[in-house]
Amino acid sequence: MPIDPAALPEMHPEHAAEQLTSRMGIEILKASLDEVVGRMPVEGNRQPYGLLHGGANAVLAETVGSTLSALHAMPDRFPVGLELACTHHRSATAGYVTGTARPIHVGRSTSTTEIVLVDDDGRRVCTAKLTCLHRDTRPLVS
């Protein structure tokens, strides 16, 4: 049974300050079973030549894709990333990059999501595909 987006479990308070998404300025704008939309600023997430870092694209893609998987798997199962593939189409140099995750496949043990990242002008920056494993138990964090 899918979870209501408002019912996503809170993160552990001791880990709240360590969140990569916070450090990168990622915010979730929309969360539903059909799609999750998030955005990230280019500023602060550049590579040495001034362009948005490709790894930043991957973090945004995994963030919105994993959130979508969590909506479908939780509370009975816990999703963890299994494979992420990113194709970088063009550079972003300013403003925001917005990622939209939509399900390709949602099963009991895995889900696969397509994530499209666009710049402020709506130009595709990156296309990603994320597959998550839906575990029976939550991984232990020390």
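The tour goes from the sheet to the helix and then into the core. Keep in mind that this is a predicted model.

Stop 1: You will find 6 of them in an open sheet, ordered 1-2-4-5-6-3, with antiparallel pairing. At the edges are strand 1 (27-31) and strand 3 (78-88), each of which pairs on one side only. On average, neighbouring strands here are turned by 25 degrees against each other, direction ignored.

**Stop 2: strands 1 and 2.** Zoom in on this pair, which is antiparallel over 4 bridges. Here E27 stands opposite R39 in strand 2. Now show the side chain of R39: R39 lies over the face of Y96, at 3.8 Å from the ring centre.

**Stop 3: helix 2.** Select residues 54-73 for helix 2. This helix lies across strands 1, 2, 3, 4, 5 and 6, and runs at about 40 degrees to strand 4. S69 is buried, with a relative accessible area of 1%.

**Stop 4: the core.** Finish with the largest nonpolar core, which has 23 residues; M40, L52, L60, V97, I115 and L117 touch the most other members. Helix 2 gives the largest share, 7 residues.

Conventions: Residues numbered from 1 in each chain as written. Predicted model: local features only at pLDDT ≥ 70, side-chain atom pairs only at ≥ 80, totals over all residues. Heavy atoms only, no water. Helix = DSSP H or I, 4+ residues; strand = E, 2+ residues; numbered from the N terminus. Buried < 20%, exposed > 50% of the residue type's maximum accessible area, 1.4 Å probe, protein only. Lys NZ or Arg CZ within 6 Å of the ring centre and 35° of its normal. Core = buried A, V, L, I, M, F, W, Y, C linked by side-chain atoms within 4.5 Å. Pairing = 2+ DSSP bridges. Axes fitted to C-alpha atoms, helices over the stretch in contact; angles between N-to-C directions. Contact = heavy atoms within 4.5 Å.
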